[in-house]
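The questions below go through one protein chain, from its overall make-up to single residue pairs. Each answer ends on the item asked for.

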Amino acid sequence: LGGLTVSSASSVTLSGNSVTSSAGVGIEVVSAGAVIVSGNLVTGSAKSGIVVANSAAVDVRDNAVDFSGADGIALQAAPGALVRGNTVTKAGGMAIRLSGLSGATVSGNTIVSPGLDGIGLPGTDQPNRLAGNRFKGISIGKLFVDVGAAGVDGYSLTSPANPPALSSVAADAQGIIVSGTYLGRPNTATT
């Protein structure tokens with residue numbers, strides 16, 4: 001069985017849904033405007049948990065994505081997107097992947113034991129804002145944040161070519177919180 005799919009629509013709101021054991025993507029929105037994906041529970045998708053592509057005014061918030069076969073939350077070509085307050089647990093790929101986005105804000109998310117890196121920004125050459133994201137169970141050899149191409153570590157947190165501007169890294173009882181601006185324009189948050 002498939003999950004929820006919306007294509008070529010405006011004013012899309014997907015809220016309060018439970019998608020379990022989808023044979024494909026749990027929730028997918030393609031070529032849409034004014035997109036809100038909030039308060040959903042997506043568990044055991046064979047592919048990514050939540051995917052939003054080629055869409056505008058995107059807000060993905062307060063979702064729980066558990067045990068997806070690929071990325072937990074994946075956004076592509078959704079400039080200025082907000083990804084906030086989500087919990088992604090044991091994604092098979094990256095917990096959160098933003099491909100080719102600019103002006104996105106990724107904040108207040110909890111990322112637990114992803115198969116690959118915590119947050120991936122492949123193909124991104126414009127600034128995006130990361131703030132207050134919590135990381136737990138990041139395996140040795142994996143990155144909290146990967147700004148390389150297609151999941152390959154072309155630019156890591158220690159890269160002299162495109163260094164990130166970390167504003168803070170702190171640990172508390174719930175995990176590690178990493179905040180900052182990555183790729184270009186250090187110390188300038190994108191709003």
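This is a predicted model, in which local features need pLDDT of at least 70, side-chain atom pairs count only at pLDDT 80 or more, and totals for chains, interfaces and linings use all residues. Residues are numbered from 1 along each chain as its sequence is written, and side-chain values use heavy atoms, with hydrogens and water left out.

Q: How many helices and how many strands does the secondary structure of the protein chain come to?
A: Helices (H or I, at least four residues) and strands (E, at least two) are taken as DSSP runs and numbered from the N terminus. On that basis the protein chain has zero helices and 18 strands.

Q: What percentage of the residues in the protein chain is buried?
A: Buried stands for under 20% relative accessible area, exposed for over 50%, and partly exposed for the range in between, with a 1.4 Å probe and protein chains only. The protein chain has 191 residues, and the buried share of them is 48%.

Q: What part of the accessible surface of the protein chain belongs to carbon and sulfur atoms?
A: Accessible areas come from the Shrake-Rupley method with a 1.4 Å probe, and for residues only the protein chains shown count as cover. The total is about 8000 Å², and the part on carbon and sulfur atoms is 54%.

Q: Which strand pairs with S3 over 10 bridges?
A: Two strands pair if DSSP finds at least two bridges between them. S3 covers residues 27-38, and its partner over 10 bridges runs in the parallel sense. One of the bridges joins Val 37 in S3 to Leu 14. The partner strand, residues 4-15, is S1.

Q: Is Val 19 buried or exposed?
A: Val 19 lies in strand S2 (residues 18-20). Contact means heavy atoms within 4.5 Å; beyond four places in sequence, Val 19 touches Gly 3, Leu 4, Gly 26, Ile 27, Leu 41, Val 42 and Thr 43. Its C-alpha is 7.8 Å from that of Leu 4, 15 residues apart in sequence. With a relative accessible area of 8%, Val 19 is buried.

Q: What separates the C-alpha atoms of Asp 117 and Ala 95?
A: Asp 117 sits in the loop between S13 (110-112) and S14 (119-120). Asp 117 counts as buried because its relative accessibility is 7%. Along the chain Asp 117 and Ala 95 are 22 residues apart, and their C-alpha atoms are separated by 6.9 Å.

Q: Which residues are linked with Asp 59 in a network of salt bridges?
A: A salt bridge is a side-chain nitrogen of Lys or Arg within 4 Å of a carboxyl oxygen of Asp or Glu. Asp 59 is buried at 8% relative accessible area, and its closest N to O distance is 2.5 Å with Arg 61 and 2.4 Å with Arg 84. Asp 59 in S6 and Arg 84 in S9 (residues 82-84) are 25 residues apart. The network links Asp 59 with Arg 61 and Arg 84.
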